[in-house]
Amino acid sequence: MSVSLPRLLARPWTAVLTAAVVLASGFTAMSASGAESGCRVDYSVNKWTGGYTAQIKVTNLGPSVSNWRLTWTYTGDQKVTSAWNATVTQTGGSVVATDAGWNGALATEGSAEFGVQGTWRSSDPAPTDFALNGVSCGGTGTPPPTTPPPTTPPPTTPPPSPECGTAVICSDFENQTGTTPSGDWRFTAPDCQGTGKASVDTTVAHSGGKSLRVDGGVGYCNHAFVASTADLSSVGPVLHVRMWVRHTTALPAAHVTFVTLPDSSQNGRTLRVGGQNGALQWNREVDDATLPAQSPAGVALSRPLPTGTWQCLRFAIDTTAPKLDTWLGDEQIPGLHADGVPTHDIDQQWLARTTPPRPTALRLGWESYGTGADTLWFDDVAVGSSPIGC
């Protein structure tokens, strides 16, 4: 099983223009004119050094169509690496996006939204030559008047980002009002409670001004977790999880865990994401199976979790078969991939149990089964039945 994942929790500005270009580092708007325009495109991009995601909304201004094909050209060195809600191919700087089937019909003034993720090295200017089914979306013109600020203050608790779509969990922790996790997130110590603690941090964040901090102590009873109140028991058939995590101390040789998912197929025991022998690993509580197998060759096929920087961790759990995939950033980790076909040094323990997993909840924190303390931060967490990327 291999899944391409986009980033959903970007914070782009948006504009409703005949051809709109919105940059995370600034705002540039170009308005097309003339009856030749066949579409309107809103292009919202969130970028960082070496990478970007773009949310694209295309509105049909011509006669209704049963299938659509949107083209544009990147004039920088952008490379599309994945997409969602559309099939996207690239040849040189030319990019072609076609509908995903279910979103192919566009009535006049009808819209479709999709997204891409990619990389860049030296420059990443936004495209301006969009065309729908071969008909140009228009040329450049003068910027529209600046929209005045709203006269009413924003709500105290901001709603989830619209880019989360139908995600069951979509949290950047900005709606937390105190230092103790509350609302949709609650502190928990499922087995026993010691010195481990969790708090809302306003000094370290991946985006916005808040994150979830966990101070995990050494030893089994010093674990601490923060659990989402969302019920994941019907999310699927593939459950997709994306989070940004930052931690302080390298993963130890002993077994530790920082994500747990209670699993109804294990009578509530958990699927665990953590580390052992210095590398990321999956662990199944019911039989202590690991992925990869903890041989030197198996561990070498996993990856360490870098310290001191925000890392995007993504995984997809198939609830119809004992299959899963794991990504660290854009890299699919070969030692954390189970596709149902036995692979030596990777999944011989994992495939010993054929019952598909059925996660019901998500917990973020720290649990040490011997040695190993750590301080971790979590931010921009999303869980849903559709691919979710960085």
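Which residue does the side chain of R314 meet in a salt bridge? The partner is D330, at 3.7 Å from N to O. Here, a salt bridge means a side-chain nitrogen of Lys or Arg within 4 Å of a carboxyl oxygen of Asp or Glu.

Before going on, a word about what you're looking at. This is a predicted model, where local features need pLDDT of at least 70 and side-chain atom pairs count only at pLDDT 80 or more, while totals for chains, interfaces and linings use all residues. Residues are numbered from 1 along each chain as its sequence is written, and side-chain values use heavy atoms, with hydrogens and water left out.

**Salt bridges**

Back to that pair. R314 sits in strand 22 (residues 311-318), and D330 is in the loop between strand 23 (324-328) and strand 24 (331-332), so the two link distant parts of the chain, 16 residues apart. Strands here are DSSP runs of E, at least two residues long, numbered from the N terminus. R314 counts as buried, at 3% relative accessibility. Buried means under 20% relative accessible area, exposed means over 50%, and partly exposed is in between (1.4 Å probe, protein chains only).

A search of the whole structure turns up 6 salt bridges, including these:

| Pair | N to O distance |
|---|---|
| R314 and D330 | 3.7 Å |
| D201 and R213 | 3.9 Å |
| D287 and R284 | 3.0 Å |

Take D201 and R213. D201 lies in strand 14 (residues 197-201) and R213 in strand 15 (residues 211-216), so this pair ties together parts that are 12 residues apart in sequence. D201 is buried at 7% relative accessibility, whereas R213 is partly exposed, with a relative accessible area of 27%. There's a network here too: salt bridges that share partners join D201, R213 and D215.

As for the other pair in the table, R284 is buried, with a relative accessible area of 4%, while D287 is partly exposed at 35%.

R284 was one end of a salt bridge with D287, and the strand to look at next is strand 20 (residues 279-284). Strand 20 runs antiparallel to strand 19, with 6 bridges joining them. Two strands count as paired if DSSP finds at least two bridges between them.

Strand 19 (residues 270-276) is mostly covered, with 6 of its 7 residues buried. Strand 18 (residues 256-262) is also joined to strand 19 by 6 bridges, again antiparallel. Across that pairing, T257 stands opposite G274 in strand 19.

Elsewhere, 5 strands form an open sheet in the order 7-8-5-10-11, with antiparallel pairing. Strand 7 (86-91) and strand 11 (135-136) are at the edges with a single partner strand each, so one side of each is left without a neighbour in the sheet. Further in, strand 5 (residues 69-73) and strand 10 (residues 131-132) run antiparallel and are joined by 2 bridges. T71 stands opposite A131 in strand 10.

**Nonpolar cores**

Finally, the inside. A nonpolar core is a set of buried Ala, Val, Leu, Ile, Met, Phe, Trp, Tyr and Cys residues joined through side-chain atoms within 4.5 Å. The largest has 44 residues, and F258, W282, F315 and L362 have the most contacts inside it. A second, separate core has 26 residues, among them W72, Y74, L106 and A126.

Technical notes
Helices (H or I, at least four residues) and strands (E, at least two) are DSSP runs, numbered from the N terminus.
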